[in-house]
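Work through the following exercises with the sequence and the coordinates open beside you.

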Amino acid sequence: SFSILERCALCFPSKVTGDLEDCACDVETIDGFNNDQLFPKLQTLLESDYFRFYKVNLNKPCPFWKVQSHCGLKLCAVQPCSPVSFSLNPSPFYSAEANDNQDTCEQEKHLGAVDVSLSNETREALLSWSKHDDEAERFCVVDDEESPDSQYVDLLLNPERYTGYKGPEAWQIWNSIYEENCFKPSTIQRPLIPGLFQSSSGNEGQCVEKRAFYRLISGLHASINIHLSARYLLDDSWFQRKWGHNVTEFRQRFDSELTAGEGPKRLRNLYFLYLIELRALAKVLPFFQQPSFRLYTGRPAEDQKHKELLLDILQQARNFPLHFDETSLFTGDEIEGAKLKEDIRLAFLNISRIMDCVGCFKCRLWGKLQTQGLGTALKILFSERQIEALKPKSSGERPSFQLSRQEIVSLLNAFGRISTSIRELKNFRALLAEER
């Protein structure tokens, strides 16, 4: 059932103009590169101050439907704990039995809460960072960066893991993403009731760009499910809270027999997403090589050390021998290519807005970050000419390409999540082997 986790051909395009199921290399090629070379350095980088703080607005209302839950959104409001520290209570997940509702709400209140406590020293430093960023020329503005309701969250205090967020509300999020925004092949069904799957039999005549976009979102979904399975709440008693790998949960999401053949395809899409984001990191190296660029935190020696580590990681990404070839995307008819680009851009913006409908605040945090990270990766791949044109500019002249701090933090953390998923597959492979 889990041949994808064994040594087998991994399908991804050697040429974008061909079928997206063409095979070009095997799982071990990417596993070895990620697990042995990139993953350890990436984790060190993401623990640095520049990358651990993410600015986000978790209080935006859902623009598409009224978010309902048995506990009510009032319990999800920001609750001040002190002048420096305050916490967010999450929306509870669906419970069919009214008598169990309070218990389930209390469980998600703790598991899905976002810890936004920051020391006075950290808050002062972040203000300094914002002043530095405001003086830099901006390429684009993200709503969360400018909103007065936004706040910095320490990602290390809020790891992505199981929160108990499930049921119809959670399925409505993914259904909306797949059915309305994803150019999904019509043979793939996303039912409200988990466990009802229909296998896909073809590409339904979709153009390669739209099929690629669907696979990216499917890969992101797979990655999130791997994190939830790898950091599952195994024990929640009064004297301990134990997190660990839940093989049963993993099987339910990826076993070929339990998902009507869709599970291995989801894992292939995860690798496809990895290759796309890896390609973006390789392409964006010249931007970070600019002498004027700094990972600014107000500590020059530490900032320079982390910039050197970042450049090392990006150079390793560039040296990967089997990169995805994105040059044939949006080629051919210029008008049609431009329309496809705009369709995908608008669909991606819509998915970003759907993240404001996620009831669990910790899930919303990581959903917004990873969506923005993938969007930044696509922006990089669409901006190759502008990146290649980077050169010292005269004062007052706008750079040909720019990334904001928010985009940089989301790009690296999003790839860190994908890299972690690839690493966790090795752990699940070992656990599955023990069961045999």
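**Exercise 1.** Determine where Cys-360 is placed among the helices, and whether Cys-360 is buried or exposed.

*Solution.* Begin with the position along the chain: in this predicted model, Cys-360 sits in the loop that runs between helix H12 (334–354) and helix H13 (361–381). Next take the relative accessible area, which is 0% for Cys-360; the cut-off for a buried residue is under 20%, and therefore Cys-360 counts as buried. Finally, turn to the annotation: the unreviewed UniProt entry places the feature "active site" at Cys-360 and Cys-363.

**Exercise 2.** Classify Cys-363 by its accessibility, and list the residues that Cys-363 touches beyond those up to four places away in sequence.

*Solution.* Cys-363, which the UniProt record also lists under "active site", lies in helix H13. Its relative accessibility is 25%, a value that falls between the limits of 20% and 50%, so Cys-363 counts as partly exposed. Once residues up to four places away in sequence are set aside, Cys-363 touches Thr-163, Tyr-165 and Val-358.

**Exercise 3.** Find which cysteines are joined by a disulfide, and work out which parts of the chain the pair ties together.

*Solution.* A search of the whole structure returns one disulfide, and this bond joins Cys-62 to Cys-357 with an S to S distance of 1.9 Å. The torsion about the S-S bond is about 75°, so the disulfide is right-handed. Cys-62 belongs to the loop between strand S3 (53–56) and strand S4 (78–80), while Cys-357 belongs to the loop between H12 and H13, so the pair ties together parts that are 295 residues apart in sequence. As for accessibility, both Cys-62 and Cys-357 are buried.

**Exercise 4.** Describe how the side chains of S3 are arranged, and identify the strand with which S3 pairs.

*Solution.* For the pairing, S3 and strand S7 (residues 151–154) run in the antiparallel sense and are joined over four bridges; within S7, the bridge partner of Tyr-54 is Val-153.

**Exercise 5.** Characterise the largest nonpolar core, and say which residues Val-284 contacts beyond its neighbours within four places in sequence.

*Solution.* Start from the chain, in which 54% of the 436 residues count as buried. The largest nonpolar core has 94 residues, of which Phe-51, Tyr-274, Val-284, Phe-287, Phe-288 and Leu-412 touch the most other members. Helix H9 (residues 262–283) gives the largest share of this core, namely twelve residues. When neighbours within four places in sequence are left aside, Val-284 is in contact with Leu-314, Ile-380, Ile-387, Phe-401 and Leu-403. In soluble globular proteins, nonpolar side chains tend to be buried together.

Definitions and conventions
Residues are numbered from 1 along each chain as its sequence is written. This is a predicted model: local features need pLDDT of at least 70, side-chain atom pairs count only at pLDDT 80 or more; totals for chains, interfaces and linings use all residues. Side-chain values use heavy atoms; hydrogens and water are left out. Buried means under 20% relative accessible area, exposed over 50%, partly exposed in between (1.4 Å probe, protein chains only). A nonpolar core is a set of buried Ala, Val, Leu, Ile, Met, Phe, Trp, Tyr and Cys residues joined through side-chain atoms within 4.5 Å. Helices (H or I, at least four residues) and strands (E, at least two) are DSSP runs, numbered from the N terminus. Contact means heavy atoms within 4.5 Å. UniProt positions are given in the numbering used here, feature names are shortened, and annotations may be inferred rather than shown by experiment. A disulfide is a pair of cysteine sulfur atoms within 2.5 Å. Two strands pair if DSSP finds at least two bridges between them.
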